[in-house]
Amino acid sequence: MGRARFFPALLLAGAVPIAGLTGCGDREPPEDPAPMSVTGALSGEDQGAGLTRVEGPEPLVFPRDHGPHPGYRHEWWYVTGHLFDGEDRHYGFQATLFRFNVAPESTPERPSAWATDQLWMGHFAITDTQGEAFHHFERLSRGALELAGGQPDPFRIWLEDWSLAADDDSPGPFPMRVRFQQDGFGVDLRLEAEKPMVLQGDGGYSQKGPERGNASRYFSWTRLAAEGRLTLEGDERRVAGQAWKDREWGTSALGEDLAGWDWFSVQLDDGHELMFYHLRREDGGVDPISKGLWVTPAGDSRVLGLEDVDLVATDEWQSPDGQATYPGGWQLTLPEEGLALELRPVVADQELRAGVFRYWEGALAVSGERAGQPVSGHGYAELTGY
Amino acid sequence: MHLLRRAGLRYLLGHRWQVALAVLGITLGVAVVTAVDLANRSALQAFQLSADALTGEATHSITAGSEGFDEALYPWLRVEQGERRASPVVEGYAEDLDQAARVWRVLGVDAFAESEVRPGLGGIAGQADLALFMGRDDHVLMLEDAAAELDLQPGDRLRLRVQGRERTVVLGGTLATARPVDRQGLHDVLIMDIAAAQALLGRTGRLDRIDLVLPDEGRAATLAEDLPDGVQLRPAEARSSALLDMSRAFRLNLTAFSLLALLVGAFLIYNAMTFAVVQRRALFGRLRALGVDRVQILRLVLLEAAVVGLVGSVLGLVVGWLLAQGLVGLVTRTINDLYFVVQVRGVALSPHNLALGLALGMGATLVAALLPANEAARSPPRATLSRADLEGRSRARAPRLAGAGVGAILLGSALLLVSPALLVAFVGIFLLLMGAALMVPWLVLRSSLALARPAGALFGLPGRMAARGLSAGLSRSAVAVAALMIAISTVVGVGVMVDSFRGTFERWLDASLAADVYIAAPSVTGEASPPLAPGLPEAFAGVEGVERITTGRYLRLARGGEDWRLRAYDLGRDRADGFMFREGDPALWARLREEDAVLVTEPFQSRHGVGTGDPLTLPTPAGERSFTVVGVTYDYTTSEGAVIMAAERYRSIWEDETVNSVAVHAAAGTDTAELVARLRSAAGEAQALRYRPSAEIRRISLDVFDRTFTITHVLRLLATGVAVVGVLGALLALALERSREMAVLRAMGCSVQQVRRLILGQSLFAGGLSGLLALPLGLALAVALTQTINQRAFGWSLGVHVDPLLLLQAVALAVLAALLAGWYPARRMAATPPGDALREEVE
């Protein structure tokens with residue numbers, strides 16, 4: 001349920017400046033961020049009124065569930081991956097589209113075509129490992145006038161000209177075309193699923209707290225073959241690699257004593273994948289609800305509990321303006337699998353700080369051993385609440 | 001302190017009343033200039049601020065006149081064209097039903113597109129609840145300051161009238177702005193989500209503007225080519241600068257009038273300083289004999305003048321600021337009536353005003369004092385030169401001055417006749433006034449000599465003395481007469497101009513208001529009437545007692561940097577009702593219906609230089625289309641000008657059946673009040689409409705007209721006030737100076753009454769002369785104002801209409817002012833025991 005934890009961070013971040021809402025790319029955030037608070041609408045700790053809730057395990061229905069669920073507060077299509085060009089140069093990328101219902105009790109039957117309760121946000125980032133550079137962009141748009149939206153069949157989710165869409169007439173989202181371009185940076189990739197989709201939690205029902213309805217639907221594709229083009233400062237190059245996609249929606253809320261989370265996805269060269277996260281409490285402890293998932297080369301998966309994995313930060317990094325200090329490297333062990341890994345950011349600064357939400361989402365280099373054999377791979381980490 | 005300076009100061013302190021009058025003159029002059037400048041500037045600044053706040057960082061705007069354009073253009077621009085720094089806008093005006101005379105600008109925006117374009121809205125901080133802002137059609141935001149001023153809390157309701165319909169909206173939240181420009185510029189703005197604004201303003205499917213930030217002009221050029229027909233890309237400032245340009249003439253007129261007041265003030269200074277010099281000729285002579293050189297004397301007099309000027313200017317700034325509080329309302333109202341909607345709050349003195357007031361006040365003072373100072377410096381070392389010598393020199397100079405005056409008048413007239421620019425025309429008017437003033441000494445001299453005999457015959461010795469006394473004290477009396485003449489001629493000139501304008505306007509109204517009842521939805525002043533609900537015209541046509549109806553459609557077409565007014569009327573069957581033609585094709589009615597032909601109004605002709613037979617290209621929904629101008633009509637509704645088209649052609653080209661107003665022609669013998677009642681019930685409750693009989697429209701139009709000229713009247717009164725003070729000062733000086741002469745007369749046996757009569761007679765003579773001289777000058781001024789200034793400024797041609805009563809009033813005013821001014825000296829002189837007066841005069 002990793003990314004589901006994203007939202008509480010929005011709450012923790014406090015008021016969200018509308019000014020920042022449209023700030024994008026490498027632009028400086030406005031000097032005097034003046035909060036026209038969308039957080040109330042986005043968080044809605046107590047105001048789930050008018051929204052649909054996830055209230056128990058339910059069979060997923062496809063293709064319907066590939067598309068948007070506007071009645072739920074939040075939803076996302078979250079793609080991260082690692083790409084290599086002809087010279088074996090490494091790039092990380094994040095291409096994410098978020099959907100929010102910001103006005104659940106809006107007046108029905110409004111005359112204007114601009115009237116909507118749907119707000120869309122896109123985050124796009126490229127990590128240039130060799131160039132030690134990180135480029136990120138944010139977009140926001142109302143879900144009206146075809147500016148942003150989604151449909152299950154044929155699968156297509158878009159925000160202006162950023163899109164995730166079925167590449168041919170397949171009933172599902174894969175093979176998928178990922179097209180994100182802005183200001184001389186971009187990816188245009190075709191993703192092919194190498195393993196079947198895995199359901200997180202209880203058959204896709206991911207409990208977020210003790211109360212009923214405090215849950216989300218969550219499933220992932222942990223290994224996607226990626227091929228296509230990447231543009232860096234206007235230069236286009238052919239790239240190939242591997243990607244990961246998370247899908248989640250819900251109307252959940254989190255406990256107030258949570259400070260943030262550290263979320264990891266790892267793709268090992270031997271065909272295994274690992275997802276794991278720590279929910280950090282205000283008191284410095286880790287919430288026992290923290291979980292993970294272990295996926296075998298055949299695509300079988302099992303849920304991991306907090307006690308199954310040992311995760312220790314080994315380094316730290318401070319963002320340039322001194323506003324936040326993040327962990328900068330980790331030791332991860334999963335004794336049951338004889339797994340001991342070292343996780344290291346490929347570039348220290350992979351913080352998204354130009355937009356509404358400040359967080360660290362970056363590519364990791366992974367090395368270590370499994371069952372006595374050396375193993376390596378790549379990963380992504382998401383660090384919030386710092 | 002230097003001895004000389006102390007002497008100067010002592011003199012000033014010792015002649016307080018005299019100094020006070022000089023100070024008052026300059027105070028009034030500076031006050032009027034400052035007040036007008038402040039009022040103008042405040043109105044301008046309010047407009048500029050709101051334009052700046054609303055323009056934000058936008059470099060360009062996409063517009064399509066008053067009807068806007070299809071909202072689908074926005075996704076096309078943003079997604080297909082990749083212009084992401086683009087912000088869609090729907091806007092309009094709403095009257096606040098709970099706050100009389102408050103007009104809100106309703107701005108519908110997409111909050112997620114704003115900060116790229118308009119930091120004003122991006123930088124807004126507040127507690128707006130996005131769920132309600134985006135989710136409801138009735139939620140508005142306003143600035144914290146505005147809400148505090150109106151004592152409104154979030155959740156409170158506002159009753160608005162939008163396009164003739166009453167609507168209630170809820171204050172969803174208040175906003176604090178980071179930038180001062182936004183705090184002022186957004187003060188009268190209600191911010192809504194674009195969806196809600198479309199619903200409130202009845203603009204579903206349409207956008208009024210897209211503001212965008214383009215990287216360069218090259219991109220602007222390619223984008224402009226890709227835009228659909230009828231949609232324009234223009235620089236962001238184009239619209240506001242076009243509006244400002246239009247109101248420029250009005251503001252320039254005000255400034256010119258205010259300078260007139262200063263001119264009269266300068267006469268006063270001249271008068272006071274001359275008097276101060278003359279009184280001390282003996283002293284200056286002795287000082288010179290003691291070795292004080294000319295430059296020192298010159299400096300002394302100028303220093304005295306500078307002190308007077310400084311005190312007067314500073315007081316003038318204060319009084320001007322006070323005056324501006326009232327004046328700004330008048331200026332704003334006129335601008336709203338004639339040009340654009342602007343709301344001014346507060347008038348603040350800026351460094352600019354301070355500098356302007358001080359510079360003009362000190363400048364006028366020093367220039368006015370230069371001549372007397374020079375006179376003082378030329379005092380011979382011994383006090384031998386008598387007053388008589390001075391007056392002798394004055395008399396000798398009179399013909400030369402008159403010659404110069406004739407030259408100035410000729411030059412001024414020439415400028416007025418040929419000048420293409422408004423500013424040059426004003427220079428012409430000033431030359432005319434100055435020329436007339438220069439001729440005054442000679443005229444006073446000739447007339448006083450000529451009148452001495454008849455006055456003597458009528459009133460005996462005092463009459464004769466009164467007449468001759470003016471020429472004897474020419475250096476003083478001429479200035480007083482000139483100041484009063486200029487003031488009175490302004491009264492005459494402006495009065496005749498306003499009368500002419502009103503007369504012309506009235507005649508035009510009578511010709512234009514051919515129908516019996518006019519129906520339109522109420523609109524914010526300065527904005528066109530909103531569209532009538534569909535079906536209403538047909539309903540009206542069927543009402544009993546209606547012979548026929550004609551409809552009017554008003555819109556604006558984006559053309560160049562401007563939005564041209566287009567009016568489409570149901571034109572009668574070869575009937576010229578409602579139109580007065582300046583020129584036109586004889587077959588114009590047929591051509592208007594059958595060809596692509598249009599009429600233009602007279603101001604349009606003078607603004608754009610198109611007349612009968614010329615082609616005129618207009619943007620239509622199907623692209624640009626060329627029309628032929630077949631006539632020019634008189635029209636006094638707007639100095640902006642308008643294009644007029646037959647409704648049939650408009651409907652077929654624009655494919656638009658919308659109607660903004662209906663004119664009802666009643667069948668013979670129908671009672672208007674009953675007809676209005678029937679029309680009302682036919683319309684039902686769908687839309688709040690105003691039903692106005694033509695007589696009421698006529699009255700309202702004339703009210704607006706009179707309102708527009710209120711400021712002119714106020715300025716005229718101020719100039720007259722300055723002049724009366726001036727004459728008072730001059731006559732007082734004249735009388736006091738001759739107190740010894742009077743004392744001698746008293747000592748020789750003249751009665752108090754005789755002396756009083758002598759002084760009053762002199763005043764009467766000066767006043768009458770001023771009044772008479774003011775008549776030709778005033779009429780010349782009126783001709784210049786109606787025929788040149790108005791033409792240049794507004795493009796309206798006016799007939800000259802002279803009311804003899806006004807002329808009579810002017811002369812009476814001059815005499816009255818002079819008598820008033822003579823009354824105090826007369827009383828004082830007569831009351832002073834001759835012995836005292838004789839002693840006083842001995843130095």
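Two residues count as in contact here if their C-beta atoms, placed from the backbone, lie within 7 Å. This is a predicted model, where local features need pLDDT of at least 70 and side-chain atom pairs count only at pLDDT 80 or more, while totals for chains, interfaces and linings use all residues. Residues are numbered from 1 along each chain as its sequence is written, and chains are lettered from A in the order in which they are written.

| Domain of chain B | Residues |
|---|---|
| domain 1 | 1-56 + 267-385 |
| domain 2 | 60-235 |
| domain 3 | 387-513 + 705-843 |
| domain 4 | 522-688 |

Where domains 3 and 4 of chain B meet, 9 residues of domain 3 touch 10 residues of domain 4. (Helices are DSSP runs of H or I, at least four residues, numbered from the N terminus.)

Now for a helix pair. The axes of α2 (residues 16-55) and α14 (residues 351-377) of chain B come within 10 Å and cross at roughly 150°; axes are lines fitted to C-alpha atoms over the stretch in contact, with angles from 0 to 180 degrees between N-to-C directions. So α2(B) is roughly antiparallel to α14(B), a label for angles over 145 degrees. Among the residues that meet are Gly29(B) and Val33(B) in α2(B), and Gly357(B) and Gly361(B) in α14(B).

Technical notes:
Domains from an automatic or database assignment. Helix = DSSP H or I, 4+ residues; strand = E, 2+ residues; numbered from the N terminus. Parallel < 35°, antiparallel > 145°, perpendicular 65-115°, else oblique.
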